[in-house]
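I opened this notebook to record what I looked up in the structure. The entries are brief.

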2 protein chains.
Amino acid sequence: MREVAIAGVGMTKFGISEKSNLEMFAEAGLEAIEGSGVEPKDIQALFFGNCLGPFEEGQAHMAPFAASELGLPMSAPATRFEAACATSTVAFRHAAYLVGAGVYDIVLVGGTERAAAMGTSLATRTFAMGSQSKYESPAGLTFPGVFAMAAHMYAKKYTIPLDELKRCMAEVAVKNHYNGSLNPKAHFQKEITVDTVLNSMMVADPLQLFDCCPFSDGASAVVVAEANKVRGLVAHPIYVAGMGQASAGALYLQKDLTRVRARETSIKHAYEEAGVGPEDIDVCELHDCFTIAEILAIESFGFYDFGKGYDAALIGETGFKGKKVINPSGGLKAKGHPIGATGTAQITEIVQQLRGECGERQVEGAKIGLVDTLGGDFGTLCNIILRSS
Amino acid sequence: MREVAIAGVGMTKFGISEKSNLEMFAEAGLEAIEGSGVEPKDIQALFFGNCLGPFEEGQAHMAPFAASELGLPMSAPATRFEAACATSTVAFRHAAYLVGAGVYDIVLVGGTERAAAMGTSLATRTFAMGSQSKYESPAGLTFPGVFAMAAHMYAKKYTIPLDELKRCMAEVAVKNHYNGSLNPKAHFQKEITVDTVLNSMMVADPLQLFDCCPFSDGASAVVVAEANKVRGLVAHPIYVAGMGQASAGALYLQKDLTRVRARETSIKHAYEEAGVGPEDIDVCELHDCFTIAEILAIESFGFYDFGKGYDAALIGETGFKGKKVINPSGGLKAKGHPIGATGTAQITEIVQQLRGECGERQVEGAKIGLVDTLGGDFGTLCNIILRSS
């Protein structure tokens, strides 16, 4: 495998947009291309992610239209990937391997989604299509319900009083909203308190409104290239160190909702490929679709023993002054979650962190970063480890 | 790149099914795995295609559920591709490159669709989402309309009386229905005559009902492996010789509907990679979504000069006794068109032809075969060239 670099990144502000999916993607894609020093005509393929376009805009088969909107050449195959919330992370992984293999030298990877614009009712129903439609949806199980069950099981398994776990989860939200307040592209840029969370509407006990990430609109994109092709073009290429992807299938196959087995399989592969371990990760963007999800994730990565990660935000270990900075962008919780765009937006943040470009939310001296995206209720997991040199 | 082989193929009967997408895919996938001599546990990744599942079954993110239905290991990433009708051909291309690159040794590729079961009205509306939703659908343009325009333009450009072109198109349908009558897995296994076509309902002038392929249910799958891994396991591995994929974007970017530019770009790449030319192709499964589409395709491949391919079926050149056998399976026209399953079903037919296993519809001595799948109204094109040794 050849060395693979990220030469440019771009994303729209996340939030509520009046732009179409293609318009948002063009904005993010052009920012990534301009930052990479290449021209649209040099892009040899588009790896594209979108989930809800068929419902929101009556548009399937969106990849070739995204390519032509950006002025990519016809000889650049444009391919749509869909892996629920992990959509563009999965697209990135396939792109990076094909660049590593020499099939392409320079490709664009990204995603776009209108999840806020479609309204909460349709968004909730179409999001739920990422879980198993034969066994789960008919039982009334939606994603908040699954993660609420995981929180109850976590509290029971590790004998943590539920009120204590709820305060710890609230601290995850407080931290990520603080981080988001430093990110001009975040959906929410306002600090909150523990009381904000605990006084908010109950969604699925014990998860309250501020335990849940929002539906967002937005797009993101990254230029992936064979490292030698871009060393002269950009000041700070960031390198792909290791990747993992695993598929756990339907929820009824999970033995223990406090352990996301697909994540454990995926991160093991990524660590091995990168030749690093949990102790080497300086900064991490992970899939905090709900506050409990951040707690489960940091345990799966080996940052904490199982059952020991729940109070990490409470005691400040995952904040900017902590030992392992988690979701400096604000995470899905505050930066927002435009499904198909989330993965390459996480990659965008890690690239900017490793380049030292994040201003007030910069993790000082970050050299190795981890991206983690979960698709559905534990069905798909994808991890990307990036390094600055 | 390592040598890449197809070790096993499988497909359900195409038609109208009461089975779910996952049930159909399990049937096709197990047939492919059993025929390949490998075990489900040996499969290292699933490249999966489905288009309409979110509408038909309320199921997005279908790939990991398909993997667990088949008993594939959690460490096997399962990824959904969507490229309208070219969905599983595009999935195959990415799988074959990643096996060639050494990322995987043995993978399963396939697709599944319930397009008949959802009913004509919903199928028509959701199929149309494969065209550009901002410029084309609002203008009332559906796929029959696009191909009807292409037929009119073809007749005008090459000064062919429309009635003559209609007779030639009808002969394409007659040939493909005859071929389908020899295929026990075809949706339609009944011969028709030119009169059947010319007396059928008008759909979009000049295309009549029997100029159009049906909506079908079905699934198909193939096992792709590094050649050395399977040489001892199966009697006749078939090899991937060359591949191409191109993206033309929206219809308004097409300069001439009688020339599918994305196909010309894609086939050029596939020929170059395979080191062959049109004269070397013994058998071809191509995207005859409408009878005119077969005529356009055989010209793009270089089998005929532009404007000269329209009477090939009429004079018997593309039938079993002709010089270039087109769609021996019956094609989309008679074998059927379960969108996400179509590409790997075309590959299945070519593999069985190159193995000499097709009985009454065997193309004698076929050594090199071509697969061609079109996504949307010229948006995506993917070609695969296979060889028997």
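The entries below treat chain A as a whole and then its interface with chain B.

Entry 1, basis. I note that this is a predicted model, in which local features need pLDDT of at least 70, side-chain atom pairs count only at pLDDT 80 or more, and totals for chains, interfaces and linings use all residues. Residues are numbered from 1 along each chain as its sequence is written, and chains are lettered from A and ligands numbered from 1 in the order in which they are written.

I found 13 helices and 12 strands in chain A; helices (H or I, at least four residues) and strands (E, at least two) are DSSP runs, numbered from the N terminus. The radius of gyration, taken over C-alpha atoms, is 19 Å for chain A, close to the 21 Å that the globule rule gives for 389 residues, so chain A is as compact as a globular protein of that length. That rule is 2.2 Å times the number of residues to the power 0.38. The C-alpha trace of chain A spans about 55 × 45 × 40 Å along its principal axes.

I looked up the contacts between the chains: 50 residues of chain A touch 50 residues of chain B, a contact being two C-beta atoms, placed from the backbone, within 7 Å. On the side of chain A that touches chain B, α3 (62-69), β3 (78-82), α4 (87-100), β8 (238-247) and α10 (261-274) each supply at least two residues.

Phe81(A) has Phe81(B) as its bridge partner in β3(B).

How values were computed. Pairing = 2+ DSSP bridges.
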